[in-house]
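Take a look at the model below. We will start with one loop and then widen the view.

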Amino acid sequence: MTKRKVVVTVPLMRAFLPICLAVPVWADAFPVARCVNLDQALEAPREGDWGYRIARPDIAWIADQGFDTVRLPVRFSAHWDGRIDPAFLARVDEVIGWADAEGLNVILDLHHFEELMADAAGYAGQFVSIWTELSAHYAGADESLIFELLNEPTEALDTAGAVALFGDVLPLIRAGHPDRWIIIEGGGWASVDALADLPVLDDRTVLSFHYYVPWEFTHQQAPWLSDPPPARSWGDKDDRAVMHADFALAGAVAAPVFLGEFGVTTLTDPVRRAIWTGAVREEAEAQGIGWCHWGLSGNFAILDPATGDWVPGMKEALFADE
């Protein structure tokens, strides 16, 4: 999506002082178009706890299907004791290396920092320390490595609070990574509405949102919920109008925008699941927004472990033009 250079009023880091900046928009340069999340693995308390360990053949399969990027959600906070456990960090490096060998971009995502969401002030220092270590560790890494500062701010951490944290770590990261793409997202579980309140921190910042609307459809019968929504349909005129309006809102943002997560549980009727997934992809692409499906495995899978190939209907939903 080509967007013009604009002048906008943005908050100035932690102080939130309004200043006018000429913000160049780099949507065409952001290298992510088709992405899939490597879910259920490194964002679990321990890899394997949720039934999946990332395997090199899966990375090769992703590349072979035409994806250009993997998003790697990592629960670094579960492996922190004044520093990131070296063995765990080596495992993250291994997965990044596999993806790099396949020519894939990697979005390294700080995921499931639940303590920070419950006590933002109490864990802000740990957030800064984690990114200080990651920034030093990946100094000199290929530009195909992208940093996502924090997944889905929620609970005690609203958009303003998250932006304050981003302002704390951005100078630390930029000292060693002046040109690396950095992804940020807002509160309400990275809602599309939060995009309007996110500042463009610099010209290599991408604003992200996640899309599971309506939640009662995308999370129907979800076994991990205490009261999961019952089976239901999706796709009438009103449903599509809501989706179209949401993506028009995202497309109107004068900055690079990225859809970091979207998906439907595998317990959903497969035809309806594919229709919703394809509709989201089409809306994102119509706005020039790169996307990342959640996910490869588990409750939102596109890869069937029994066959080593696509879950029926999902290839057509995500790659209808091929």
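Glu155 lies in the loop between S6 and H5. This is a predicted model. Glu155 is not a glycine, yet its phi is positive, at about 55°. The residue is exposed, because its relative accessible area is 60% and the cut-off for exposed is over 50%.

Glu152 belongs to the loop between strand S6 (145-148) and helix H5 (159-176). Its phi is positive too, near 45°, and Glu152 is likewise a residue other than glycine. Is Glu152 buried or exposed? Glu152 is buried, because its relative accessible area is 13% and buried means under 20%.

Two peptide bonds come next. One joins Val213 and Pro214 in the cis form, with omega about -5°. Pro214 sits in the loop that runs between strand S8 (205-211) and helix H7 (215-218). Another cis peptide bond links Trp294 to Gly295, and its omega is also about -5°. Look for Gly295 in the loop between strand S10 (290-293) and strand S11 (303-304).

The largest nonpolar core has 84 residues. Which residues have the most contacts inside it? They are Leu72, Phe76 and Phe127. Take Phe127 and set aside its neighbours within four places in sequence. Phe127 is then in contact with Leu110, Phe113, Leu116, Leu149, Leu150, Leu165, Phe166 and Val169. Another core lies apart from the largest one. This other core has ten residues, among them Val32, Cys35, Ile107 and Phe258.

Step back to the whole protein. Its secondary structure comes to ten helices and twelve strands. The C-alpha trace spans about 50 × 45 × 40 Å along its principal axes. How does the radius of gyration fit a compact globule, and what is its value? The protein has 19 Å, which agrees with the value near 20 Å that a compact globule of 322 residues would have.

Buried residues make up 54% of the 322 residues. Contacts also reach along the chain. Of those between residues at least 6 apart in sequence, 73% join residues at least 24 apart.

The protein carries 22 positive and 48 negative side chains. How far apart are the centres of the two sets? They lie 3 Å apart.

Conventions: Residues numbered from 1 in each chain as written. Predicted model: local features only at pLDDT ≥ 70, side-chain atom pairs only at ≥ 80, totals over all residues. Heavy atoms only, no water. Helix = DSSP H or I, 4+ residues; strand = E, 2+ residues; numbered from the N terminus. Rg over C-alpha atoms; globule rule 2.2 N^0.38 Å. Buried < 20%, exposed > 50% of the residue type's maximum accessible area, 1.4 Å probe, protein only. Contact = heavy atoms within 4.5 Å. Lys, Arg positive; Asp, Glu negative; His and termini not counted. Charge placed at Lys NZ, Arg CZ, Asp CG, Glu CD. Core = buried A, V, L, I, M, F, W, Y, C linked by side-chain atoms within 4.5 Å.
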